[in-house]
Structures are given as structure tokens and as C-alpha cells.
Amino acid sequence: MKNVIFIAPPSAGKGTLSNMLKDLGYLHISTGDMLRSEINKKTEIGNLVKEIISKGNLVSDEIVFNLIENKLKTNSLPFILDGFPRTLKQAEMLNELFIKLNIDNYEVIYLDISLEEALKRALGRLTCECGKSYNIYNEEFKPKKEGICDMCGKNLIKRNDDNEESFKVRFQTFIENNKPIMDYYEKKNKLKIVDTIEGTNMVFAKVKEILK
């Protein structure tokens with residue numbers, strides 16, 4: 001199976017598809033998870049990241065890039081890159097790293113979704129601290145018991161930023177910032193677009209076909 005870089009607007013289903021690919025033996029490389037892990041382990045990088053975030057600043061490309069490089073150097077599994085690249089500069093840095101590590105067996109998959117559908121998903125989303133996500137407006141992802149996680153039995157919560165006003169801002173910001181990245185990978189003939197309007201299983205089948 002090919003490696004994959006997921007690019008997706010908020011609520012397009014990237015997390016769900018990543019979890020489904022993990023069941024097929026993929027390594028899920030999430031920049032957010034790696035940064036949180038470094039903070040929790042209180043490593044030198046983690047302490048630096050915690051200080052940067054506490055001041056309201058963004059973690060530099062160099063810090064994130066070094067974590068990704070170290071992960072890829074020790075990995076032998078097909079991987080999912082999640083949360084990177086977010087800018088054209090990051091895409092160019094990643095390309096240089098792939099050349100350095102002789103990685104060319106990958107696809108960039110953009111999960112296409114309309115603002116209306118994404119908003120519906122966001123407003124119905126509930127999450128659990130164990131990582132499981134649900135949606136009250138989708139029969140496929142409703143919890144068996146209202147407000148309770150199927151996996152661990154804890155109470156489900158709604159994210160603070162899952163409200164209409166803030167979600168629309170996040171969605172539009174993503175669309176505007178993402179166009180240069182889309183153009184970059186399209187020129188490299190690496191970009192594949194998958195419409196997410198169909199059910200999760202159909203979307204997953206399309207993703208698997210691309211990654212064969």
C-alpha cells in the first residue's frame with residue numbers, strides 16, 4: 001500500500017479514515033499528537049513547545065519537521081501524514097525530506113466537502129477523552145446510549161469551537177490557505193480528490209483503491 005498525505009477541511013472525516021487505515025497496518029503520524037506526546041514526556045522539545053504555546057505563539061516549522069523526520073527515519077510501515085503540510089513552505093520542506101529518505105511511493109488525498117455538510121457534521125459532533133468521536137445527526141456514528149461513549153462508558157463532550165460562527169471562520173481560512181498546497185501537489189501529479197458526500201464505507205473504498 002502507498003503512503004498517504006491527507007489534506008482535508010474541518011469535519012471532512014480525516015480522523016475516521018485514518019483510524020480505518022490504521023486497522024490495515026498504517027502508522028498514523030499526527031503532528032498534533034507528536035507535540036502533545038513530547039509535552040507529556042517533558043522532553044527538551046516538549047518543554048520548549050509548551051512554553052511557545054503558553055505564550056500564544058505557533059510552533060515553528062523546524063520543530064515540527066524534525067519530529068516528522070525522526071519518526072519517518074525509524075518507520076518501516078506505510079504511513080498516514082496528518083496535519084502536515086499546512087503551508088507551501090512545509091510542502092517544499094517535506095518534498096526535500098522525501099527525496100533524502102527515498103520516499104516516492106505516496107499519494108496526496110484531498111477530502112472534498114461543502115461548507116454546509118461540514119457544518120452539519122461539526123454541530124452534531126461529540127467526542128470522548130478516549131479519542132472516540134460520534135455524531136448525533138448521522139445514524140452511522142450515533143452513540144448507542146445518548147451522551148455515553150460506546151467504548152469506555154464515559155460522558156461525551158462537545159468541542160468549544162464546534163459552533164456555527166467559529167466553524168465557518170475555520171473552514172474558510174483552511175480553504176484559502178490550502179490552495180497553494182493543492183496547486184503544488186497537482187503539478188507533481190500527486191493530488192487525488194475524493195468527494196466525501198457518500199457514506200464512510202464508500203469513501204474508504206475509494207481511498208483504498210487510490211492507495212493500492
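Me: Is lysine 100 buried or exposed?
Reply: Lysine 100 is exposed, its relative accessible area being 54%. Exposed stands for over 50% relative accessible area, buried for under 20%, and partly exposed for the range in between, with a 1.4 Å probe and protein chains only. The model is a predicted one, in which local features need pLDDT of at least 70 and side-chain atom pairs count only at pLDDT 80 or more, while totals for chains, interfaces and linings use all residues. Residues are numbered from 1 along each chain as its sequence is written, and side-chain values use heavy atoms, with hydrogens and water left out.

Me: Which side chain does lysine 100 meet in a salt bridge?
Reply: The partner is glutamate 69, at 2.7 Å from N to O. A salt bridge here is a side-chain nitrogen of Lys or Arg within 4 Å of a carboxyl oxygen of Asp or Glu. Lysine 100 belongs to helix α5 (residues 88–100) and glutamate 69 to helix α4 (residues 61–73), so the pair links distant parts of the chain, 31 residues apart. Helices (H or I, at least four residues) and strands (E, at least two) are DSSP runs, numbered from the N terminus.

Me: How many salt bridges does the structure hold?
Reply: The structure holds 17. One of them joins aspartate 82 to lysine 14, with 2.5 Å between the closest N and O atoms. Aspartate 82 is in strand β3 (residues 79–82) and lysine 14 is in helix α1 (residues 14–22), so this pair ties together parts that lie 68 residues apart in sequence. Aspartate 82 counts as buried, at 9% relative accessibility.

Me: And which residues do salt bridges with shared partners join into one network?
Reply: Lys2, Glu107 and Lys192 are joined in that way. Lysine 192 sits in strand β7 (residues 191–195) and glutamate 107 in strand β4 (residues 106–112), 85 residues apart. Lysine 192 is partly exposed at 28% relative accessibility, whereas glutamate 107 is buried at 7%.

Me: Turning to the sheet, what is the strand order?
Reply: Five strands form an open sheet in the order β2-β3-β1-β4-β7, with parallel pairing. Two strands pair if DSSP finds at least two bridges between them. The edges are held by β2 (27–30) and β7, each with a single partner strand, so one side of each has no neighbour in the sheet.

Me: Over how many bridges do β1 and β3 pair?
Reply: They pair over three bridges, in the parallel sense. Isoleucine 5 stands opposite leucine 81 in β3.

Me: Next, helix α8. What does it pack against?
Reply: The buried residues of α8 pack against β1 (3–7), α1, β4 and β7. These buried residues are Thr200, Val203, Phe204, Val207, Ile210 and Leu211. Seen down the helix axis, they fall within an arc of 120°, so they line one face of α8. The arc is taken from the directions between the helix axis and the C-beta atoms. Exposed residues Asn201 and Glu209 are on the face turned away from the buried side.

Me: What distance does α8 reach from its first C-alpha to its last?
Reply: Helix α8 (residues 200–211) has 12 residues and reaches 16 Å, close to the 16 Å expected at 1.5 Å a residue. The expected span is 1.5 Å times one less than the number of residues in the helix.

Me: Which residues does threonine 127 touch?
Reply: Leaving out residues up to four places away in sequence, threonine 127 touches Lys132, Ser133, Leu156, Ile157 and Arg159. Contact means heavy atoms within 4.5 Å. Threonine 127 lies in strand β5 (residues 125–127) and is buried, with a relative accessible area of 16%.

Me: Back to the backbone: what is phi of lysine 42?
Reply: Phi of lysine 42 is near 55°, a positive value in a residue other than glycine. Lysine 42 is in the loop between α2 (31–41) and α3 (44–54) and is exposed at 65% relative accessible area.

Me: And where is asparagine 102 found?
Reply: Asparagine 102 is in the loop between α5 and β4. Asparagine 102 has a positive phi of about 55° although it is not a glycine, and its relative accessible area of 68% makes it exposed.
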